Amino acid sequence: MNKCKVVAVANQKGGVGKTTTTVNLGVGLAQQGKKVLLVDTDPQSSLTVSLGIKNPDDLNTTISDLMQVVVDNGNLSPLDKGILKDIEGVDLVPSNIGLSSFEVSLVNTMSREFVLRSYLGAVKRNYDYVLIDCMPSLGMLTINALASADSVLIPCQANYLSTKGLKLLMGSIAKVRRQINPELKIDGILLTMVDSRTNNAKSIIAALRQTGSNLRVLNTEIPFSVRAAECSVEGKSIFAHDGKGKVAAAYTALVEEVSTLEQRNRNRPGADRGL
Ligand code: ATP
Ligand code: MG
């Protein structure tokens, strides 16, 4: 089997399209025949809810229980314990509000940065891709995601404050590389909710792409569409909700771009750090 690629979908800025991207990139990759595991590391459970699980707090086993097993040096068998199977072709490790107190308890844990990595190390052999939906913070759960990942994908809106916030994120990524995960690559910035009719968006995108020699901005842009906003309420991917629309087409393009990047990294290991 192919080596599994673990991607953290991260940005400490809230509401930039991390969860929407995790769902649609994941379902899109699954439609290409890839085996995909999505991991919800946000106590808000947006990913879990977006995949149709209406009451995450009723679930018996979630990511915090599985990470607790790792902390306790317990037995993770069966390995697929708690994984919800085949939701629109993807598997899901759900989360619920219990993750919030778990994050606090991590502070007193040995090797606290590596708990998620240990868990994924055990389960990822069954998958081609693991996508981790991060919460909007640079706290211990996001550090765990970055420590587990081969690469990070950064959804970002085309507005001034969002792009300014990127500096903070890049600082954290640099720190994780120095101290925890030197192999971490950056897939790039994914522009989301793009309304290309506005001059403001146009000039910010142009500026970002110009400094793109420092940081890759992906070619794919996800357009703004109310149809995309409806998806989380429906608990469905954009492919199930509006498969012929412009957002589905954009996420299909993203699947291709991410697959091409992956191919390139595989052929030239270590060559492309995205910076
Ligand atoms: P958080 O930081 O809270 O986890 P997030 O970065 O995961 O947020 P999402 O939840 O994916 O962001 O998206 C924020 C909101 O924007 C949601 O209501 C979502 O439905 C909506 N949205 C996402 N993508 C689009 C789009 N392309 N067009 C319009 N609305 C969108
Ligand atoms: Mg989210």
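Because the model is predicted, local features are reported only at pLDDT of at least 70 and side-chain atom pairs only at pLDDT 80 or more, while totals for chains, interfaces and linings use all residues. Residues are numbered from 1 along each chain as its sequence is written, chains are lettered from A and ligands numbered from 1 in the order in which they are written, and side-chain values use heavy atoms, with hydrogens and water left out.

Let me begin with the helices. Helices (H or I, at least four residues) and strands (E, at least two) are DSSP runs, numbered from the N terminus. Helix H7 covers residues 160–179, which is 20 residues. From its first C-alpha to its last, H7 reaches 30 Å, close to the expected 28 Å; the expected span is 1.5 Å times one less than the number of residues.

Which residues of H7 are buried? They are Ser 162, Thr 163, Gly 165, Leu 166, Leu 169, Met 170, Ser 172, Ile 173, Val 176 and Arg 177. Here, buried means under 20% relative accessible area, exposed means over 50%, and partly exposed lies in between (1.4 Å probe, protein chains only). As a general point, an α-helix has 3.6 residues a turn, so residues three or four places apart point the same way. The cover over the buried residues of H7 includes helices H6 (140–148) and H8 (199–210), together with strands S6 (151–157) and S7 (185–194).

After H3 comes Asn 73, with a positive phi near 55°.

I turn now to ligand 1. At Ser 232, an N or O atom of the side chain is 3.1 Å from an oxygen atom of the ligand. Ligand 1 taken alone exposes 630 Å², of which the protein buries 82%; these areas come from the Shrake-Rupley method with a 1.4 Å probe.

Next, Asp 42, which sits in the loop between strand S2 (36–40) and helix H2 (46–50). Is Asp 42 buried or exposed? Its relative accessibility is 4%, and it therefore counts as buried. Contact here means heavy atoms within 4.5 Å. Leaving aside neighbours within four places in sequence, Asp 42 is in contact with Ser 95, Leu 99, Asp 133, Cys 134, Met 135 and Pro 136. The C-alpha atoms of Asp 42 and Asn 96 are separated by 7.8 Å, although the two residues are 54 residues apart along the chain. A polar atom of the Asp 42 side chain also lies 2.8 Å from the backbone nitrogen of Gln 44.

In that loop between S2 and H2 we also find Ser 45. Ser 45 has a positive phi of about 60° although it is not a glycine, and it is buried, at 4% relative accessible area. Another non-glycine residue with a positive phi is Asp 86, near 50°. Asp 86 belongs to strand S3 and is exposed, with a relative accessible area of 57%.

One peptide bond deserves mention: that from Ser 77 to Pro 78 is cis, with omega near -5°. Pro 78 is placed in the loop between helix H3 (63–71) and strand S3 (84–87).

How many disulfides does the structure hold? It holds 0, a disulfide being a pair of cysteine sulfur atoms within 2.5 Å. For Cys 134, the nearest cysteine sulfur is that of Cys 156, 15 Å away. Cys 134 is buried at 1% relative accessible area, and Cys 156 is buried at 0%.

Finally, Lys 5 in strand S1 (residues 5–9). Lys 5 is buried, with a relative accessible area of 4%. Not counting residues up to four places away in sequence, Lys 5 touches several residues, among them Asp 128, Tyr 129, Glu 262 and Asn 265. Its side chain makes polar contacts with the side chains of Ser 151, at 3.3 Å, and Asp 187, at 3.2 Å. A polar contact is a pair of N or O atoms within 3.5 Å; within protein, one must be able to donate a hydrogen and the other to accept it, and residues adjacent in sequence count only if both atoms are side-chain atoms.
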